[in-house]
Amino acid sequence: MDVWEAIMKRRTVRRFKQEPIPQSILINLVNAARMAPSGANIQPLKYMIVDDPAKVIRVFEQVRWAAYLAPNGAPGENERPSAFLLILLDNTIKAATPELDAGAACQNIMLAAAAEGIGTCWMGAIKRERIREILDLPERYTLHTVIALGYAGEEPVAEDASDSIRYYKDPAGVLHVPKRTLKDILLPANGMQSAKSQPAKDE
């Protein structure tokens with residue numbers, strides 16, 4: 001799968017097949033994160049793979065899924081992720097752009113996962129202190145976000161947004177994800193200046 005195909009194919013997945021992901025692939029995802037750009041090349045991020053089934057269950061209980069689909073947004077018992085990847089900020093390293101670094105690293109992870117046929121869900125609505133306790137994270141690390149991982153058990157569909165950007169499920173249970181159109185987001189380089197220079201019309 002080439003990069004463009006991975007970009008267009010990647011969607012957030014919340015239903016997973018109950019198959020373990022080989023450790024070698026999980027490590028490769030961290031390697032993909034390692035190669036992401038970093039402000040001033042400081043590289044303040046660390047990562048933790050959680051794929052022990054008992055720990056995966058405990059972390060699963062500390063994350064919140066799909067607010068738009070509540071109360072039915074969370075994966076069922078036989079649809080849960082087989083691993084989590086934690087994105088951590090190392091507080092002993094003074095980061096220049098930690099939020100940008102984390103975003104770039106997570107996108108690399110998710111695209112690399114898509115190329116392997118692995119679904120991902122990047123999550124920020126998490127109980128950070130409980131996860132810290134469960135995994136015994138040292139205080140030097142701040143938990144930024146987590147990515148749920150598993151072989152995809154659903155195929156969400158991207159579609160052009162019209163009146164709403166809320167994702168939803170149709171009667172067949174297929175998840176639809178509205179995306180703003182290219183026309184809506186791409187501005188001409190002189191667009192604002194041109195608009196200001198237009199003479200006002202008589203009322």
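This is a guided tour of the predicted model, stop by stop.

Local features are described where pLDDT is at least 70 and side-chain atom pairs where it is 80 or more, while totals for chains, interfaces and linings use all residues. Residues are numbered from 1 along each chain as its sequence is written, and side-chain values use heavy atoms, with hydrogens and water left out.

**Whole chain**

Start with the protein chain in cartoon view. Seven helices and seven strands are present; these are DSSP runs numbered from the N terminus, with helices being H or I of at least four residues and strands being E of at least two. Their order along the sequence is α-α-β-α-β-α-β-α-β-β-β-β-α-α. Along the principal axes, the C-alpha atoms fill a box of roughly 70 × 50 × 35 Å.

Of the 203 residues, 40% are buried (buried is under 20% relative accessible area, exposed over 50%, partly exposed in between, with a 1.4 Å probe and protein chains only). Among contacts with a separation of 6 or more, 76% are between residues 24 or more positions apart; a contact means heavy atoms within 4.5 Å.

**Stop 1**

Select Val-3, Trp-4, Ile-7 and Met-8. Together they form a nonpolar surface patch with about 450 Å² of accessible area. Patch members have over 30% relative accessible area and no salt bridge; like charges are joined within 9 Å and nonpolar side chains (Val, Leu, Ile, Met, Phe, Trp, Tyr) within 5 Å. Areas come from the Shrake-Rupley method with a 1.4 Å probe, and for residues only the protein chains shown count as cover. Met-8 belongs to helix α1, residues 3–9.

**Stop 2: salt bridges**

The structure has five salt bridges, each a side-chain nitrogen of Lys or Arg within 4 Å of a carboxyl oxygen of Asp or Glu.

Select Glu-79 and Arg-15, whose side chains form a salt bridge at 3.1 Å, N to O. Glu-79 is partly exposed at 29% relative accessibility, whereas Arg-15 is buried at 10%.

Move to Asp-90 and Lys-46, which also pair at 3.1 Å, N to O. This bridge links strand β2, holding Asp-90, to strand β1, holding Lys-46, across 44 residues. Asp-90 is buried, with a relative accessible area of 2%, and Lys-46 is partly exposed at 29%.

Next, select Glu-129 and Arg-132, which form a salt bridge at 3.7 Å, N to O. Both are in helix α5, three residues apart, about one turn of the helix. Arg-132 is buried, at 11% relative accessibility.

**Stop 3: backbone exceptions**

Most residues other than glycine have a negative phi, and most peptide bonds are trans. Which bond is cis, joining Ala-70 to its partner? The partner is Pro-71, and omega is about 5 degrees. Pro-71 is in the loop between α3 (53–60) and β2 (83–90).

Now select Ala-40, which has a positive phi of about 60 degrees. Ala-40 is in the loop between α2 (23–34) and β1 (45–50) and is exposed, with a relative accessible area of 65%.

Finish at Asp-136, where phi is also positive, about 55 degrees. This residue is in the loop between α5 (128–135) and β4 (141–151). Is Asp-136 buried or exposed? Asp-136 counts as exposed, at 65% relative accessibility.
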